[in-house]
Amino acid sequence: MEHAPATEQYADRPLPEHVLTSGWRVALIIASFSISLPAFLNGAQTSMALGFRDAVLAALLAGLILCLGACLTAIISVRTRLTTYLLVQRSFGRRGAALVNLVVALVHYGWFGVNVSFFGGAMVAAIAQLYEVQVSFATCVVIGSVLMTVSTIYGFRTLERLALVAVPLLGAILLAVCVAAVRRHGVVLAPSASPPVPMNFGIALSALIGGNMLTVAAMPDLSRYIRSTRGAVSAMALSFPFAAPLLMVLAALPALATGQTDIMALIVGFGFGVPALAMLVLSCWTINAANLYSASLSLTATFPKVPTWAFTLLGGAIGAGFALAGIIDAFIPFLLFLGLIIPPIAAIYVIDGFTRFRGVDAATTLREMPLVRWPAIATWVASVAIALGAKRFDLTLTGVPVFDATLIAATVYGGLLLALRNRKPAPAAL
């Protein structure tokens, strides 16, 4: 879902010291990731199911848990100065990492589908207000996907700079919607009698975490630029624990007051008009350019003979397909799915960072990577399969699916490392 310029520089080796920066700069970037339309929808649906108090509590816990996970991935990146891709490669092997990259790219395409759905809804509302003409959602999605794809290929740098403007303006719009809803309808704290997505606290917590797990897993692309591990921990502490509950408040109050989770309907209903809808369009556009760009870089590293623009075109088509298939209507299940498949990846490379590669020169580990590391592949596949099976039959270890997936992965992988340690003591031989 996110992009950092770090993916372009020193992508195949550790960072040099002269490019390092302060942790607070990274904290601001991370916090800005939380200001998005999918995060608003997530918070609105959660609050309708749980009520204000429990929704904010879930967001606070999610922020703390995301902070903890991000601290671990960030510490590994500061110690090694490696990108997420290289950390995954040395844990899964050069060819094994290709499987992970394919899945991560598909996740980015899924996020593209979510955001282009918001784009389509905003365009439908804007055209209706300007011209009093009803256009189909599907038409707007297709047009939006084409424009986003082409602009990513030819003008990504311009869109990246526009994102610096779009994020704070989107935050201002969400704040204005919240204030308008409270003024008109008062403060409502009780959950909805018929929420759009019924869920218990554990499912809500897992969805909130799942919505940000790709950011946590890919944190090394940003955090490797931080000067020290203390600065990395400070950056995480200044971002997730504050951003998550704040956005929940901005989403919960208007949703509970109006019974509406559709941001486009709220903007039109409160009379903010076309300028606000234009900001939503810009926000979706810039975020989706980042999704296509990140996925294309990942796949190009896996399949270097295929040009990057081909993967961008493919991603735009797949993302549009997701949107037309109704991914926005299955948003919470999508987030729960992310909470099952992404955490094991991060758990594996974090465990490796604290065990197999602890004290080992990072550049050396890159030279000694095998083609496939079967313990990592087996752990990831097994943990996802077990977690999906358990969810299918309503079985749980902790009551929170994302915790189950992470705990299973850590236990299985730790057990495999212990079993193999005596037979293959050298880190690179595993």
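## Charges over rings

**Exercise 1.** In this predicted model, identify the ring over which the charged end of Arg90 sits, and do likewise for Arg392.

*Solution.* The charged end of Arg90 lies over the ring of Phe357, at 4.1 Å from the ring centre. Turning to Arg392, its charged end sits over the ring of Phe393, and here the distance from the centre is 5.5 Å.

## Confidence

**Exercise 2.** State the average pLDDT of the protein, and find which elements have the lowest and the highest mean pLDDT.

*Solution.* Begin with the whole protein, for which the average pLDDT is 89, with 94% of the residues scoring at least 70. Next, go through the elements: helix α1 (residues 23–33) has the lowest mean, 82, while helix α3 (residues 52–80) has the highest, 96. Finally, look at residues 1–8, over which the pLDDT is below 50, although this stretch has 32 contacts in the model beyond near neighbours in sequence.

## Aromatic pairs

**Exercise 3.** Describe the geometry of the aromatic pairs that Trp111 forms with Phe331 and with Phe334, and say where the partners are placed in the chain.

*Solution.* The structure holds five aromatic pairs. For Trp111 and Phe331, the centres are 6.2 Å apart and the planes make an angle of 75°, which is an edge-to-face arrangement. This pair links distant parts of the chain, with Trp111 in helix α5 (residues 96–131) and Phe331 in helix α15 (residues 331–341), 220 residues apart.

The next step is burial: Trp111 has a relative accessible area of 2% and is therefore buried, the cut-off being under 20%. Phe331 is likewise buried, with a relative accessible area of 2%.

Now take Trp111 with Phe334, also an edge-to-face pair, for which the centre-to-centre distance is 5.3 Å and the angle between the planes 80°. Trp111 and Phe334 are both buried. Putting the pairs together, Trp111, Phe331 and Phe334 are joined by ring pairs into a cluster.

## Salt bridges

**Exercise 4.** List the salt bridges with their closest N and O distances, and determine which residues are joined into one network.

*Solution.* The count comes to three salt bridges. One of them is between Asp54 and Arg53, whose closest N and O atoms are 3.3 Å apart. Asp54 is partly exposed, at a relative accessible area of 23%, whereas Arg53 is exposed, at 67%.

Another joins Arg356 to Asp352, with 3.1 Å between the closest N and O atoms, and both of these residues are buried. Asp352 also forms a salt bridge with Arg373, where the closest N and O atoms are 3.7 Å apart. That pair links distant parts of the chain, because Asp352 lies in helix α16 (residues 343–354) and Arg373 in the loop between α17 (362–367) and α18 (374–392), 21 residues apart. Both Asp352 and Arg373 are buried. Through shared partners, the salt bridges join Asp352, Arg356 and Arg373 into one network.

**Exercise 5.** Explain why α7 can be called largely enclosed, and then examine Ser206 and Asn212.

*Solution.* Eight of the ten residues of α7 are buried, so this helix is largely enclosed by the rest of the structure. The buried residues, among them Gly202, Leu205 and Ile209, pack against α2 (37–50), α3, α8, α11 (240–258), α15 and α19 (401–421). At the start of α7, a side-chain oxygen of Asn200 comes to within 3.2 Å of the backbone nitrogen of Gly202.

Within helix α7, Ser206 is buried, at 0% relative accessibility. A polar atom of the Ser206 side chain lies 3.0 Å from the backbone nitrogen of Val402. If neighbours within four places in sequence are left aside, Ser206 is in contact with Leu336, Val400, Pro401 and Val402.

Lastly, Asn212 is found in the loop between α7 (201–210) and α8 (213–217). With a relative accessible area of 18%, Asn212 counts as buried, because the cut-off is under 20%. Not counting residues up to four places away in sequence, Asn212 touches Leu66 and Phe240.

Methods:
Residues numbered from 1 in each chain as written. Heavy atoms only, no water. Helix = DSSP H or I, 4+ residues; strand = E, 2+ residues; numbered from the N terminus. Buried < 20%, exposed > 50% of the residue type's maximum accessible area, 1.4 Å probe, protein only. Contact = heavy atoms within 4.5 Å. pLDDT = per-residue confidence, 0-100. Phe/Tyr/Trp six-rings, centres within 6.5 Å; stacked < 30°, edge-to-face > 60°. Lys NZ or Arg CZ within 6 Å of the ring centre and 35° of its normal. Polar contact = N/O pair within 3.5 Å; in protein donor to acceptor, adjacent residues only side chain to side chain. Salt bridge = Lys/Arg side-chain N within 4 Å of Asp/Glu carboxyl O.
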